[in-house]
Amino acid sequence: MTVNSIGEYIREQREQAKISMRQLAQTAGVSNPYLSQIERGLRKPSADILQQIAKGLRISAEALYVQAGILEDRPADSGVRSALLADPQLSERQKQVLMEIYESFRRENAAAAEGAEATVDDDTLAELAPGSPGAEGDALEAAAMEAAAAMEAEAAAEAAQATDQQTVTSSRPDSASD
């Protein structure tokens, strides 16, 4: 990756998060001119600065390290990480939860693949199947359900707040006539 592409990526993430350059610079603990130079491709940020910027953007530092060429992207990514990080309809919290679930499934599959080097019989497959007693799949299913419930609760809270605001707004003329 070129220096310019990391700057472009940071700018895109900042704009998607609707954060001003000044806000991000302050949150990341860097100067506004320095952040501007990074975004324009004039400066190459260190791994520490990238970590601070990632924190300010509420994205994973790994995503910035990959964009900057500090880390190699995992070969079996299939674009899932990039798609999640680029989706403007997901909150940063939702992106983080989905990335954690995705990574846990990848780790489980990698562990299963390592174990599959030996001959795999039906009993082994039954042990690895999600939902079977003692399987790691149970924990992953529970985490996925918990994440989904958290997202639903967050959406319900936002909807309730919007409804409350509409109720307050629509009840004001009625209360004035009392």
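Helix axes are lines fitted to C-alpha atoms over the stretch in contact, and the angle between two of them runs from 0 to 180 degrees between N-to-C directions. In this predicted model, the axes of α2 and α4 come within 8 Å and cross at roughly 120°. That angle makes α2 oblique to α4. The crossing of α2 past α4 is right-handed. On the α2 side the contact is made by L24, T27 and A28, and on the α4 side by Q52, I53, G56 and L57.

**The nonpolar core**

The largest nonpolar core has 22 residues, of which I10, L24, L35, L50, I53, L57 and L64 touch the most other members.

Leaving aside residues up to four places away in sequence, L35 touches I10, M21, L24, A25, V30 and I53.

**Helix α5 and its end**

Seven of the eight residues of α5 are buried, and the helix is mostly covered. The buried residues are A61, A63, L64, Y65, V66, Q67 and A68. Just after α5, G69 takes a positive phi of about 85°.

**S104 in α7**

Helix α7 spans residues 92-115 and contains S104. Buried means under 20% relative accessible area, so S104, at 16% relative accessibility, counts as buried. A polar atom of the S104 side chain lies 2.7 Å from the backbone oxygen of I101.

Definitions and conventions. Residues numbered from 1 in each chain as written. Predicted model: local features only at pLDDT ≥ 70, side-chain atom pairs only at ≥ 80, totals over all residues. Heavy atoms only, no water. Helix = DSSP H or I, 4+ residues; strand = E, 2+ residues; numbered from the N terminus. Buried < 20%, exposed > 50% of the residue type's maximum accessible area, 1.4 Å probe, protein only. Polar contact = N/O pair within 3.5 Å; in protein donor to acceptor, adjacent residues only side chain to side chain. Core = buried A, V, L, I, M, F, W, Y, C linked by side-chain atoms within 4.5 Å. Contact = heavy atoms within 4.5 Å. Parallel < 35°, antiparallel > 145°, perpendicular 65-115°, else oblique. Left-handed = near helix turned anticlockwise from the far one by under 90°.
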